[in-house]
Amino acid sequence: MLKCTINGKPVEVKPGTSIIQAFKQLGEEIAHYCWHPALSVAGVCRLCMVEIEGNPRLQIACNTTVAEGMVVTNQSEKVKDAVKWGMDFHLINHPLDCPICDQAGECGLQDQYMKFGKYDPEMAEKKVNKRKVVDLGERVVLDSERCILCSRCVRFTEEITKTNELGIFNRGDRSEIGTFEGKPLDNNYSVNTVDICPVGALTSKDFRFKQRVWFLKDKASICNGCSTGCNVEVDYNKEGIWRLRPRYNEQVNGYWMCDVGRDVYKNVNRVHTDVEGERGEKQVKKSISRLVQAVHRLNGQSEYMQTGFAVSKVRETLSQYKKGDVALVVTGQQTSEEYEALLSYFTKSFAADDVFHWQNNPEAWGEFDGLLLRGDRNPNTKGLIKAFEKHKVKSTAWTQDLGKYKLVLLVAPENLAAYPNIREKADLLKNNKTVVVLTTSQIPEFANLPDETWQIPMKSFMEKAGTFVNFSGLEQKFAPVTTIVDAAVSADEFVAALNGQALEQVQKIYTNPTERVENQFIFQRGSL
Amino acid sequence: MMSFQLSSEGQEFVKKELKRYETKESAIIPSLYRVQKENNGWVSPEGIAHLSQLMDIPEARINEVFQFYTMFNKEPVGKYHVQVCCNVACSMAGTREMVEEFCQEHGVHENEVTSDKRFTFTRVECLGACDKAPMMQINEDYHEGLTMDKAKQILRGLK
Amino acid sequence: MAEVKMLTEHYADNNFQTIEGYQSKKGYEMLKKALNMQPTEIISLVKESGLRGRGGAGFPTGMKWSFLPNNGEDRYLLCNADEGEPCTFKDRMMMERAPHQLIEGMIISAFAVQSKKSYIYIRGEYTHAIKVVEKAIKEAYKAGFLGKDILGSHFSHDMDVYSGAGAYICGEETGMISSLEGLKGQPKLKPPFPAVKGYLGKPTIVNNVETLASVIYILRDGVEAYRKFGTQKSPGTKLFSVSGDVMKPGNYEVPLGYKMKDLIEIECGGLKPGRKLKAVIPGGTSAPVLTEEEANRATLDYECLADMKSMLGSGSIVVIDDSRCMVDLLGVITHFYHHESCGQCTPCREGTGWLNKVVNAIKAGRGSQQDIDTLCKIADNMKGRTICALSDAAALPVLSFVPKFRSEFEYYIREGKSQVRGISYAEMHH
């Protein structure tokens, strides 16, 4: 270990540590744009200037390794002046269009300007004009004028995805990020470039113009898009979830997440309209809605009711049946806690052999894209298999008609995009007298089964606490983010009610009413 | 997209260059020269797409190199690309006036192609012939120790 | 006449370009001598000779060579022939007139640093020089001076030419390495320095054309004889490219330490009749300009010009007489650096453009007296803040032109026209 002093504080670091890493280790602030812990050192933004005792020239912290006894500061007037001018060079050609920029509120330029701004601009010349709205690919838009050419996005496509779609073309202050005609940025990790863009140059088509970030809150969660279980940050407000961003976990996903995973929040919102096609052109819209109320359907008539009432009715029906009358169908989309509740209830009341595993695409489960996305698009297949083993359940893959059962209790998948064969599965249920479906979304195929159907609104993964066991067997616990559908229950709450507890007593609601009030206050103030 | 393909000799050349240096990326510059030579003095996006395929190097990487160097022309140029040095020694010797005169006489702006497709006039930086200022480079050839009349005469003498 | 023709002795002889002509003047004799020496002996000789890099920075060549790590990795020798510093034209002449001199100097140097492969990176505009050097390399291979087991010495060496494509920044040694690697010619972060991790991450020595050729004469004459020319800290002779307002511009080889005034008045035939010396740019456009008074007492060596807060640089001297407008000349220079900034470091990318815009605003009559201070502030903050020295190179002319000729700038701003020429350059800027 090497001893050094940073801003007067002693710190010990491993040999080979750069000064900027030592700053981070110590929790000392240091301005920087181009440095990113997961990318190669570019050393171009020239903001992480430090003064090293005995060296008359300022050095950049990202490309200088700590030496024994080094005394480093970024608090001297010399450094502050250099950063101030560094900021000014970044800003002289920047459009300063913060009022219409999605990055506002989480922008590196704004943040550093508050600390190092010259506040007295000396630039009196015409700015360099560049391209404003450049469609880089399916999910990312570029504003070249806002770009500070830190090259993070370019290094990301070179070093992480190795797809090389992006480049910096031309030179000097004419340089621009871009793609080559016909080779758009369309790899499955493209939105990470938006995350690592320190300014508003790269924005996500999905998120832009939808929310001001200061109206959003964030909470930690785990992506349920596949068996990797990337750690995510969920940005939400009282209206719903707005975006997911990767949360660093060295063991699981590093700094990244995939674009497929970015979309899983859409299953959580009450209505999610997926807009395809360019603005102004012909748009294709498809919308999926959450199931917000329990529905009982019999003889073609639908009746909407309180969840608690519906569950008590289901309980009454189940009480008439014995072993062999009831089947349970589950997917790898639920939490381990839900599996435990479901299987202990079911194996006690009915037959362990009558549990069926709905597998969406088992032939692809071994696939892996080399980065994060796995072929098993379920977050908790491992957890389910563990629960099967514990409860000595045979776990039959669901491929057969379940007509021989009087009642089928089906826990439907949350991420419908990963389950393309719903129509076929619904056909396997058309000979059943009663089907009880726990589902987060409205699934038309299951709503119109021939005989009696109960649809119970189920909580999405962001509305409950739980555990996902990822492909490698790593158990990841997560806390609820918020409640979107008040009427929804988790499978374990549902089971508790089947076991006779009052639903009102077990059902947890996670929206803090004060959050709503706060947000409303801000909205009102904003509209004055 | 209009397609562009190197001649078979051109493709052979690229293949040889790919093996000539320690890395195949080093062949990008010589290959771009070749495309420029076979494409009337400039490189089109199709030329880059063609090289990308031929060399198995991503388009963005080739395009970065292409856009970085000034000797690769990004737009069509005339049959005679007249590059007039306007750096210190040459501009002291009157080359800026010379470019303006050329443009006026041929009714074009700088970097445009004359209507007869014969000329493009471009100001360039120092070409390392300052002792013979003023000077200009027409395609590959240096013309040094010019005067306005001498320069015009050279242009008139071009077929 | 103080011209000392060491490197340029036979340049007038057209036959010197060919291998026969070169050998008839004892060419490749020093290679034979070198191959019978220990590589470390040659390095020691070069160190003792005090030879300093002729490309611009003036770094001691022998010391550079001794930075190579002894880790068994392949080493590369690169010749920097990307002569891009405005108003420099000595390397072009050397390559066109004496390609074998460069090749011999390179093989000796390659043997000294034990490199098996070298490249001569020539700027793309020098089409003629490229052809001449390529032809000469073929001749050298044929004569057995290149290739496997050179002259039975067990030393093998391959040499090739690489043509640039128009980028000043490729004259910066790491920019050149990037370019040779097939990337944009953007300088690389230092450390690591090329001697440790250079071309393809391997130990690499980058030397200028003139530096490599000089090695031959150190071997031929010995350290003592070589050091007879020049000063203690700047030994040897050097080529100076003189251009601008002199009667006989051209390349002149003189001993370092020679008086600038003498070079201008004796070798270059003085100024044009009736004109008076106003200023001199002593080492390429990035070298701070000297006033008449400074030029008259300057000697052509690294230390004198450093004392004058300028530099010898590449040895290109632009003589400026009293008919020239300094505002206009600075505009030509700021345009150049704006055009050539590679764009990776923010202070340089944005600063070069900003400087150029302010100077252009002044030239167009839109300037304000405040602009004078703004120019200096911008330039001050571009210095020493970037990966390579281009940013400094862009700042230094501003920081010398403006303070040294401040009244001309003030006049131009006040009157909207040049004090010297009486005209406005509004229509003529780039």
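**Helix packing, chain contacts and backbone exceptions**

Helices α6(C) and α9(C) are roughly perpendicular to each other, a class that covers angles of 65 to 115 degrees, with angles under 35 degrees counted as roughly parallel, over 145 as roughly antiparallel and the rest as oblique. The model is a predicted one, in which local features need pLDDT of at least 70 and side-chain atom pairs count only at pLDDT 80 or more, whereas totals for chains, interfaces and linings use all residues. Residues are numbered from 1 along each chain as its sequence is written, and chains are lettered from A and ligands numbered from 1 in the order in which they are written.

The angle between α6 (residues 99-113) and α9 (residues 209-227) of chain C is about 75°, and their axes are 8 Å apart. Axes are lines fitted to C-alpha atoms, for helices over the stretch in contact, and angles run from 0 to 180 degrees between N-to-C directions. Helices (H or I, at least four residues) and strands (E, at least two) are DSSP runs numbered from the N terminus. Contact between two residues requires their C-beta atoms, placed from the backbone, to lie within 7 Å. On the α6(C) side the residues are C:Gln101, C:Leu102, C:Glu104, C:Gly105, C:Met106, C:Ile108 and C:Ser109; they meet C:Val209, C:Leu212, C:Ala213, C:Val215, C:Ile216 and C:Leu219 of α9(C). This contact comprises nine nonpolar residues, three polar and one charged, where Ala, Val, Leu, Ile, Met, Phe, Trp, Tyr, Cys and Pro count as nonpolar, Asp, Glu, Lys and Arg as charged, and the others, Gly among them, as polar.

Helix α17 (residues 406-415) of chain C has C:Glu408, C:Phe409 and C:Tyr412 buried. These residues lie on the same side of α17(C), because they cover an arc of only 100° around the axis, the arc being that of the directions from the helix axis to the C-beta atoms. A residue is buried if 20 or more other C-beta atoms lie within 10 Å of its own, exposed if 12 or fewer, and partly exposed in between. C:Ser407, C:Arg414 and C:Glu415, on the other side of α17(C), are exposed. The cover over the buried residues includes α13 (326-340), α14 (346-363), α15 (370-382) and α16 (390-404) of chain C. C:Gly416 follows α17(C) and has a positive phi, near 75°.

Between chains B and C, the contact takes 31 residues from chain B and 38 from chain C. On the chain B side, the elements giving two or more residues are α2 (28-38), α4 (59-68) and α5 (88-92). Of these, α5(B) gives the most, with four residues. The chain B side divides into 16 nonpolar, seven polar and eight charged residues.

Most residues other than glycine have a negative phi, and most peptide bonds are trans. A:Ser395, not a glycine, has a positive phi of about 60°; its place is the loop between α9 (381-390) and β20 (396-397) of chain A. A:Ser395 counts as partly exposed because it has 19 C-beta neighbours inside 10 Å. C:Lys26, also not a glycine, has a positive phi of about 70° and lies in the loop between α1 (19-24) and α2 (29-35) of chain C. With 11 such neighbours inside 10 Å, C:Lys26 counts as exposed. A cis peptide bond with omega about 0° joins B:Ala133 and B:Pro134, and B:Pro134 is in the loop between β2 (119-124) and β3 (136-138) of chain B.
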